[in-house]
Amino acid sequence: MATVDLKNIRKIYPGGFEAVKKVNLAIRDGALCVLVGPSGCGKSTLLRMIAGLESITEGEIAIDGRMVNELGPAERDIAMVFQNYALYPHMSVYDNMAYGLRNRRMPKPEIDKRVREVAATLELDHLLTRRPRELSGGQRQRVAMGRAIVRNPKLFLFDEPLSNLDAKLRGQMRVEIKNLQRSLGVTSVYVTHDQLEAMTLADVLVVMNAGNVEQIGAPLDIYEKPATLFVASFIGAPPMNLLPLRHGEGRAALADGTEIGGSGLSLSGEATTLGIRPENLFLVTNNDEIGGNAIFEIVIRAIEPVGAESFIYGDVGKTRLVVRVAGKTAMEPGAKIHVGAKVADLHVFDDAGIRI
Amino acid sequence: MTPRAIFPNKFLPYLLLAPQLAITAIFFYWPASQALYQSMLREDPFGLSTQFVGLANFRHVLNDPNYLHSFQVTIVFSVATALLAMVPALFLAVMADKVVRGRGIYRTLLIWPYAIAPAIAGMLWLFLFNPSIGSIAVMLRSLGVYWDPLLNGPQAVILVVAAAAWKQISYNFLFFVAGLQAIPKSLVEAAAIDGAGETKRFWTIIFPLLAPTTFFLLVINTVYAFFDTFGIIHAVTGGGPGKATETLVYKVYNDGFVNLLLGESAAQSVILMVIVVALTAVQFRYVERRVHYG
């Protein structure tokens with residue numbers, strides 16, 4: 001159990017590519033920190049730097065208050081779960097789990113005790129003599145987890161551990177990882193590109209883009225108050241509607257001239273983009289609902305019923321808009337409807353993509 | 001399984017196979033059958049008459065102390081050559097795998113010796129180690145080694161083993177490099193995190209995962225040492241001194257073409273044929289069934 005502190009971390013590859021730009025991050029003891037971002041955003045590089053698998057160009061990494069920049073991966077007292085699990089194919093499940101303990105010269109009976117304990121927690125007891133290739137994807141994943149847990153490290157590192165599993169198993173393992181992490185209380189850093197995984201797992205969520213940290217915070221805070229346009233578009237499914245705004249003062253309007261109806265919306269001159277989450281939009285049926293709301297007239301283009309909810313795709317002026325409604329809807333493509341959102345639910349961003 | 005092509009015409013497949021079949025028949029089946037036939041004949045010293053003697057040639061060959069000695073020489077030679085060709089190749093491959101810059105150049109340079117013809121390689125080594133004119137021989141002598149492979153049997157063996165292995169290192173290197181590349185980097189990283197040092201990682205992770213490559217090369221190198229080293233031995237020692245470097249293949253040549261004991265030479269080549277069939281069977285049985293990890 002430990003804290004992790006990253007100070008001004010940079011990574012520049014020999015070719016000159018800057019994968020990570022000045023990242024500062026402090027993870028408190030026992031927290032599950034999720035690094036999320038699109039591929040190539042530097043999240044895996046950052047994780048590998050914490051692991052000691054990648055050199056640090058600039059900055060300091062401290063685990064439990066101790067600077068680890070110059071320490072090898074073995075001396076950092078960490079355990080890592082890889083995307084492809086990286087199980088040793090020529091060893092049994094038992095040996096895979098015992099390998100790290102043997103390397104640390106733990107007495108045999110102790111190794112045996114620990115491996116069996118962890119195997120029991122992960123329901124791997126009956127698989128201990130099997131080779132990795134004789135296991136299913138979910139079982140391999142569990143062995144990889146077991147290999148990390150059995151070492152009882154200060155820090156867990158997860159590099160997209162669920163991306164090789166099918167959707168159903170992924171959901172299941174997600175819950176399992178969260179429960180395990182909670183009950184063990186080991187500080188963890190978890191890398192994923194899946195925003196659903198990020199939202200559900202994280203105590204602290206770090207959204208990264210192009211080597212920069214865009215926002216750090218609790219998942220729901222980030223969801224409700226995205227600091228940048230990138231975060232707004234990346235977190236949430238379906239993604240937030242982003243409407244370009246007309247420049248200048250006066251009545252609020254979109255860039256293509258479409259006026260925004262309703263009352264209570266006042267935009268500063270710097271506002272260039274208006275963000276509205278699909279679930280914050282509601283259908284407007286009468287004029288009573290105008291107060292304190294922004295109203296848009298949309299032409300329905302398509303409807304996607306998903307069962308518990310439906311997504312209405314429509315055009316406001318020339319911009320595509322997605323509206324989430326509960327249950328089924330009787331509306332048809334081609335129809336004109338009015339949708340509104342509370343002014344308090346709107347997100348406004350300036351030219352540089354920063355939240356206003 | 002790839003789907004089988006079905007030919008509507010019965011003769012077309014045979015027609016398409018004909019060139020390959022003709023080559024195999026002319027250059028393999030016919031000489032092989034001749035060898036089998038020849039191995040059961042005895043010829044008079046002037047080559048005027050032949051006589052059918054059944055298995056007498058085989059009986060004679062297998063009871064001949066010279067032949068058994070040649071067998072021993074071959075085994076020592078093969079084991080030594082295979083080891084000497086594989087260990088440095090593995091070492092070089094591991095080193096080349098670590099190089100980040102100029103990887104391609106190292107690999108290309110290390111592959112070159114394979115392109116040298118056996119006889120040329122033999123001459124090279126012969127010149128370097130020739131007791132009277134060889135530059136390395138001079139150095140050895142100034143170091144106090146009494147170097148004379150022309151008279152000293154073990155030294156002659158060392159020389160041909162070195163020459164034969166040197167040529168094969170490149171080939172093994174190539175396969176070891178490919179084998180190393182096939183090992184996922186994350187396994188090595190996982191082992192590093194698991195607290196295994198570099199040497200330990202090599203012996204507990206990399207070496208076991210290279211086992212299929214190593215076994216394949218062991219068979220290939222044995223076959224090479226058995227059958228493809230004639231050129232080197234012929235150029236370097238000619239089987240001597242005495243019979244110190246006379247391997248089975250070299251003895252077939254010596255007995256057949258130098259001593260003109262055609263029947264016995266043919267019997268020896270039949271025995272070699274059996275050995276090569278056995279080795280090929282081993283290779284097919286174990287090597288073709290590649291171990292798949294995943």
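**A friendly note on chains A and B**

1. Let's start with charge. Chain B carries 18 positive and 13 negative side chains, and 11 Å separates the centres of the two sets. Please keep in mind as you read that this is a predicted model.

2. Next, the overall build of chain B. Its secondary structure consists of 13 helices and two strands.

3. How much of chain B is buried? Of its 294 residues, 42% fall into that class. The accessible surface amounts to about 16900 Å², and carbon and sulfur atoms supply 72% of it.

4. The contacts of chain B also deserve a look. Taking those with a separation of 6 or more, 67% are between residues 24 or more positions apart.

5. Phe7(B), Leu12(B), Leu15(B) and Leu16(B) make a nonpolar surface patch of about 390 Å². Leu12(B) belongs to helix H1, which covers residues 12-38 of chain B. This leucine counts as partly exposed because its relative accessibility is 33%, a value between the 20% and 50% cut-offs.

6. Now for the salt bridges. Side chains of opposite charge can pair when their charged atoms come close. Over all chains, the count here is 17 salt bridges. The next points visit some of them in chain A.

7. Which residue forms a salt bridge with Glu18(A)? The partner is Arg10(A), with 2.9 Å between the closest N and O atoms. Glu18(A) itself is partly exposed, at a relative accessible area of 24%.

8. Another pair is Arg102(A) and Asp95(A), whose side chains meet in a salt bridge at 3.1 Å from N to O. Both partners are partly exposed: Arg102(A) has a relative accessible area of 37%, and Asp95(A) has 24%.

9. The side chains of Lys113(A) and Glu117(A) form a salt bridge, 3.9 Å from N to O. Elsewhere, salt bridges with shared partners link Arg10(A), Glu18(A) and Glu58(A) into one network.

Terms used: Residues are numbered from 1 along each chain as its sequence is written. Chains are lettered from A and ligands numbered from 1 in the order in which they are written. This is a predicted model: local features need pLDDT of at least 70, side-chain atom pairs count only at pLDDT 80 or more; totals for chains, interfaces and linings use all residues. Side-chain values use heavy atoms; hydrogens and water are left out. Helices (H or I, at least four residues) and strands (E, at least two) are DSSP runs, numbered from the N terminus. Buried means under 20% relative accessible area, exposed over 50%, partly exposed in between (1.4 Å probe, protein chains only). Contact means heavy atoms within 4.5 Å. Accessible areas come from the Shrake-Rupley method with a 1.4 Å probe; for residues, only the protein chains shown count as cover. Lys and Arg count as positive and Asp and Glu as negative; His and the chain ends are not counted. The place of a charge is taken as NZ of Lys, CZ of Arg, CG of Asp or CD of Glu. Patches are made of residues with over 30% relative accessible area and no salt bridge: like charges are joined within 9 Å, nonpolar side chains (Val, Leu, Ile, Met, Phe, Trp, Tyr) within 5 Å. A salt bridge is a side-chain nitrogen of Lys or Arg within 4 Å of a carboxyl oxygen of Asp or Glu.
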